[in-house]
Amino acid sequence: MSTLFRDARLADGRVRDVRTASGRIASVAESVATDPQDRVIDADERLLLPGAIDAHVHFREPGHDEKETWTTGSRSAVAGGVTTVVDQPNTTPPTVTGDAFDEKASLAAASSVDYGINGGVTPDWDPASLFDRPLFALGEVFLADSTGDMGIDASLFADAVERAADADVVVTVHAEDAELFDESARERDAGGTGHDADADVWSQYRAAEAEAAAVERAVDVGADAGADIHIAHTSTPEGVDAAVAGGATCEATPHHLFLSREDATDLGTYGRMNPPLRSEERRSDLWQRLVAGDIDIVATDHAPHTREQKDAGLWDAPSGVPGVETMLPLLLARAKQGEISYERVRDVTAANVASIFDLPRKGRIREGYDADLVLVDPDDSREIRGDDLHSKCGWTPFEGYDGVFPDLTLRGGDVVYDGEAVVGDPAGENVRA
Ligand SMILES: NC(=O)N[C@@H](CC(=O)O)C(=O)O
Ligand SMILES: [Zn+2]
Ligand SMILES: [Zn+2]
């Protein structure tokens with residue numbers, strides 16, 4: 001199937017015809033001749049972007065298919081313009097052995113988007129068999145416990161980073177130092193479950209200082225081993241600055257860029273995640289660092305949990321929020337308001353992700369690249385509603401926010417979302433296989 005987009009506006013403002021054939025971008029030019037077989041789409045100067053690459057999702061299989069599956073997670077992805085995802089290892093079993101990797105890889109065949117599968121680290125990981133598999137990256141490596149309780153100590157971390165350097169794979173780090181958590185916060189929990197709990201207490205507990213301290217440690221270990229360190233979900237400007245100073249790359253999530261402790265009280269446990277929401281001042285400084293280029297990529301840390309699981313007390317509810325479907329729509333809504341350029345949105349959601357994680361055929365609209373494409377009308381925003389989203393969890397922390405959603409998403413030249421429904425059979429491929 002070949003497709004010709006007529007008069008598409010690219011992120012840099014140029015208006016071009018873009019033709020796809022055999023899953024790749026075949027031509028990008030001011031005027032491209034139509035082949036009789038082409039499906040012609042009059043883009044009418046709507047915006048055409050490379051499909052977003054979300055380097056941080058938790059699609060929950062194997063082990064937690066009540067929260068999400070490769071089917072539901074990838075359907076949510078395409079409806080939000082994401083065409084490649086990277087799955088994290090805190091599943092059950094955790095992805096810490098070659099066998100566990102294989103089990104996850106066979107489940108991922110149900111994915112509508114391309115994917116990478118990360119390997120993780122626990123005291124009983126098996127690096128020999130794990131590095132024998134087509135790993136996307138090592139990570140997220142947990143320096144403190146989060147969902148799955150995979151926090152590891154300093155010596156295991158150093159060992160893991162050395163092995164990753166030998167294998168020439170990036171290490172993605174969940175950087176929080178549990179020694180700096182404020183245990184006295186527990187006494188300030190006034191009780192209540194679900195939305196009636198106060199997640200600001202969670203922000204007090206997993207203190208902001210705990211992030212930069214862990215980032216500093218991670219980049220030091222990385223430098224000693226000669227490894228590439230990527231800091232996951234930086235939530236504080238101090239954490240970003242420590243990553244930049246240490247020569248690491250870093251990501252920020254939509255929830256840390258759009259939400260703050262001022263939202264935590266209303267969200268309750270639905271606003272509990274690791275690292276937690278930060279002060280409005282830190283949130284705004286984080287956004288500035290995104291616009292300025294200190295933050296390399298936006299990744300969602302899409303971490304769905306069921307309502308039933310979230311409707312518990314603050315200390316018992318699981319951490320994490322969904323986000324894969326709303327990342328690009330939220331950023332495009334901000335771009336529409338002039339708060340970030342379309343080129344920067346393209347870079348942080350696609351081009352930079354491809355260069356950090358070495359995906360030479362992804363992240364740009366250029367001849368020879370994979371035909372992973374998102375067409376949007378940049379002026380057409382709508383309110384985000386949990387009921388409209390495709391994640392199995394059925395809720396969003398961004399309820400009521402403006403989003404610019406895709407009119408069309410293509411993966412490998414095939415339409416996977418037509419603006420109203422997810423279409424086609426799952427055909428996602430492992431990007432490292
Ligand atoms: N971020 C979260 O709060 N939760 C994530 C794990 C993680 O990324 O730390 C999850 O898997 O639920
Ligand atoms: Zn994490
Ligand atoms: Zn995560």
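Predicted model: local features only at pLDDT ≥ 70, side-chain atom pairs only at ≥ 80, totals over all residues.
Q: How much of ligand 1 does the protein cover?
A: 100% of the 310 Å² of accessible area that ligand 1 has on its own.

Q: And where does ligand 1 sit?
A: In the largest cavity.

Q: What about H174, how far is its side chain from a ligand oxygen?
A: The distance is 3.0 Å, between an N or O atom of the H174 side chain and an oxygen atom of ligand 1.

Q: Which ligand atom does D301 face, and at what distance?
A: A nitrogen atom of ligand 1. A polar side-chain atom of D301 lies 2.7 Å from that nitrogen.

Q: How many residues surround ligand 1, and which are the closest?
A: There are 17 around ligand 1. The closest are R60, N90, S146, T147 and D301.

Q: What's the class breakdown of that shell?
A: 11 polar, 3 nonpolar and 3 charged residues.

Q: Switching to annotations. Where does UniProt put "binding site" features?
A: One set, from an unreviewed entry, is H56, H58, E140 and D301. These residues span 246 residues in sequence, but no two of their C-alpha atoms are more than 10.4 Å apart, so they gather at one spot.

Q: Which of them line the largest cavity?
A: The lining includes H58, E140 and D301.

Q: Which residues does the "binding site" annotation with H305 cover?
A: H58, F59, R60, N90 and H305, again according to UniProt's unreviewed entry. Their sequence span is 248 residues, yet no two C-alpha atoms are more than 13.4 Å apart, so this set also gathers at one spot.

Q: And in the cavity lining?
A: From this set, the lining of the largest cavity includes H58, R60 and N90.

Q: Which residues go with H233 in a "binding site" feature?
A: E140 and H174, in the unreviewed UniProt entry. The lining of the largest cavity includes E140, H174 and H233.

Q: Where in the fold is H58?
A: In the loop between β6 (52-57) and α1 (70-79).

Q: And E140?
A: E140 is in strand β9, residues 138-142. Check its backbone too: the peptide bond from G139 to E140 is cis, with omega near -5°.

Q: What joins N274 and P275?
A: A cis peptide bond, with omega about -15°. P275 lies in the loop between α9 (261-267) and α10 (280-292).

Q: Where should I look for E45?
A: In the loop between β4 (39-42) and β5 (47-50).

Note on methods:
Residues numbered from 1 in each chain as written. Chains lettered and ligands numbered in written order. Heavy atoms only, no water. Near = heavy atom within 4 Å. Polar contact = N/O pair within 3.5 Å; in protein donor to acceptor, adjacent residues only side chain to side chain. Areas by Shrake-Rupley, 256 points an atom, 1.4 Å probe, with all protein chains shown as cover. 1 Å grid on protein atoms, 1.4 Å probe; cavity = no way out; pocket = protein on both sides within 12 Å on 5 of 7 lines; lining within 4 Å. Sits in = over half its atoms within 2 Å of the grid points. Nonpolar A, V, L, I, M, F, W, Y, C, P; charged D, E, K, R; others polar. UniProt positions renumbered as here; feature names shortened; annotations may be inferred. Helix = DSSP H or I, 4+ residues; strand = E, 2+ residues; numbered from the N terminus.
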